[in-house]
Amino acid sequence: MSVTLASEQVGCGRARVAPGRAAVSRLSGVGKQFGDRVVLRDVDLVVPVGAVVGVVGGPGSGKTTVACLAAGLLPPDEGVVELVGRDPWDGGRRPVVGLVPDRVPVSDRLTCREVLLHVALFRGFPPVVAARRVDSLLAVCQLADSAGVVVAECTAGQRLLVRLAATLLGEPRLLVLDDALDVDRWALDVVRAVSREFVATGGGVLCVVGQAWQAAWCDVRLELAPPALRPLDERSRRR
Ligand SMILES: Nc1ncnc2c1ncn2[C@@H]1O[C@H](COP(=O)(O)OP(=O)(O)OP(=O)(O)O)[C@@H](O)[C@H]1O
């Protein structure tokens, strides 16, 4: 087994979720390989409603692959993936998943508020609603004072918060932070507070990090180790 998940931690310790609470995303016995290279084998992971789940591992251990599987962006080769209780690969309507992007969408020559307004309008919100949502998210993400600052002139932490706010404009059920936390302490605290607020309103957060200490704030942690290299059982491959 390539993965150790202390699943009994769900609902214990700092976790706010009761055992058996609905899952935003669930991987059961999941395996994934690219060509002949096995990246993941026999992974069990639950992102419960109301919880922040950390995925920890060294370079190339499969963290981003786990996040993509949990978000329904990659199909598993083995096992089962459920997103809000359904197979995301069954052809039906999918729940919204929010992946905080590596770069600020649109242009970093725009101000923080302008970027968010572009994203909100692009998502189809009427202008008045877009402006209201953007201002609300600027406040939630502690960006009200830098709303008029050009993104390129912002700190790395502020830029992360703009990307987080842009992602939240999509009103996701699952929020994925992939290797995004290499920022200053202030921004980190804001990301944590926003994540807590997000999960308290019915979402789940998956937080991918390279170092165990970066996941100390998470309710549950999944630790990835490099799997032994052997092909998955061809008979059980789904796609
Ligand atoms: N689409 C792909 N095709 C081929 N190999 C891939 C693909 N995606 C990932 N891999 C390989 O799978 C392994 C795990 O990649 P992944 O990005 O999930 O790891 P990671 O833990 O997120 O790594 P890092 O911390 O370096 O970003 C790596 O060896 C990577 O090269």
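Modeller: Let's start with β2 and β3: they run antiparallel and are joined by eight bridges. Keep in mind that this is a predicted model.

Colleague: Thanks! Who stands opposite R26 in β3?

Modeller: That would be V46.

Colleague: And what about the hairpin of β2 and β3, how many residues sit between the strands?

Modeller: Two residues. In this hairpin G35 takes a positive phi, near 60°.

Colleague: Nice. What is the strand order in the sheet?

Modeller: The order is β3-β2-β5, an open sheet of three strands with antiparallel pairing. The edge strands are β3, residues 37–48, and β5, residues 78–83, and each of them pairs on one side only. On average, neighbouring strands of this sheet are turned by 15° against each other, ignoring direction.

Colleague: How many bridges are there between β2 and β5?

Modeller: Five, again in the antiparallel sense, with β2 covering residues 23–34. As for a particular pair, S25 has L83 in β5 as its bridge partner.

Colleague: Which helix packs on that sheet?

Modeller: Helix α1, residues 63–70. It touches β2, β3 and β5, and its direction makes about 55° with that of β3.

Colleague: Switching to the ligand: which residues surround it?

Modeller: The ligand is surrounded by F34, V39, G57, P59, G60, S61, G62, K63, T64, T65 and G210.

Colleague: Which element gives the most to that shell?

Modeller: α1 does, with three residues.

Colleague: And how do the shell residues divide into nonpolar, polar and charged?

Modeller: Seven are polar, three nonpolar and one charged.

Colleague: New topic, then. At what angle do α4 and α5 pack?

Modeller: About 20°, and their axes are 8 Å apart. Helix α4 spans residues 156–168, while α5 spans residues 185–200.

Colleague: Why does α4 count as roughly parallel to α5?

Modeller: Because the angle is about 20°, and angles under 35 degrees count as roughly parallel. So α4 is roughly parallel to α5.

Colleague: Is the crossing left-handed or right-handed?

Modeller: The crossing of α4 and α5 is right-handed.

Colleague: Which residues make the contact?

Modeller: On the α4 side there are G157, Q158, L160, L161 and L164. From α5 come W186, A187, V190, V191 and V194.

Colleague: What does that contact divide into, nonpolar, polar and charged?

Modeller: The contact of α4 with α5 has eight nonpolar residues, two polar ones and no charged ones.

How values were computed: Residues are numbered from 1 along each chain as its sequence is written. This is a predicted model: local features need pLDDT of at least 70, side-chain atom pairs count only at pLDDT 80 or more; totals for chains, interfaces and linings use all residues. Two strands pair if DSSP finds at least two bridges between them. Helices (H or I, at least four residues) and strands (E, at least two) are DSSP runs, numbered from the N terminus. Axes are lines fitted to C-alpha atoms, for helices over the stretch in contact, and angles run from 0 to 180 degrees between N-to-C directions. Two residues are in contact if their C-beta atoms, placed from the backbone, lie within 7 Å. A residue is near a molecule or strand if its C-beta atom, placed from the backbone, lies within 6 Å of it. Ala, Val, Leu, Ile, Met, Phe, Trp, Tyr, Cys and Pro count as nonpolar, Asp, Glu, Lys and Arg as charged, and the others, Gly among them, as polar. Angles under 35 degrees count as roughly parallel, over 145 as roughly antiparallel, 65 to 115 as roughly perpendicular and the rest as oblique. A crossing is left-handed if the near helix is turned anticlockwise from the far one by less than a right angle, and right-handed if clockwise.
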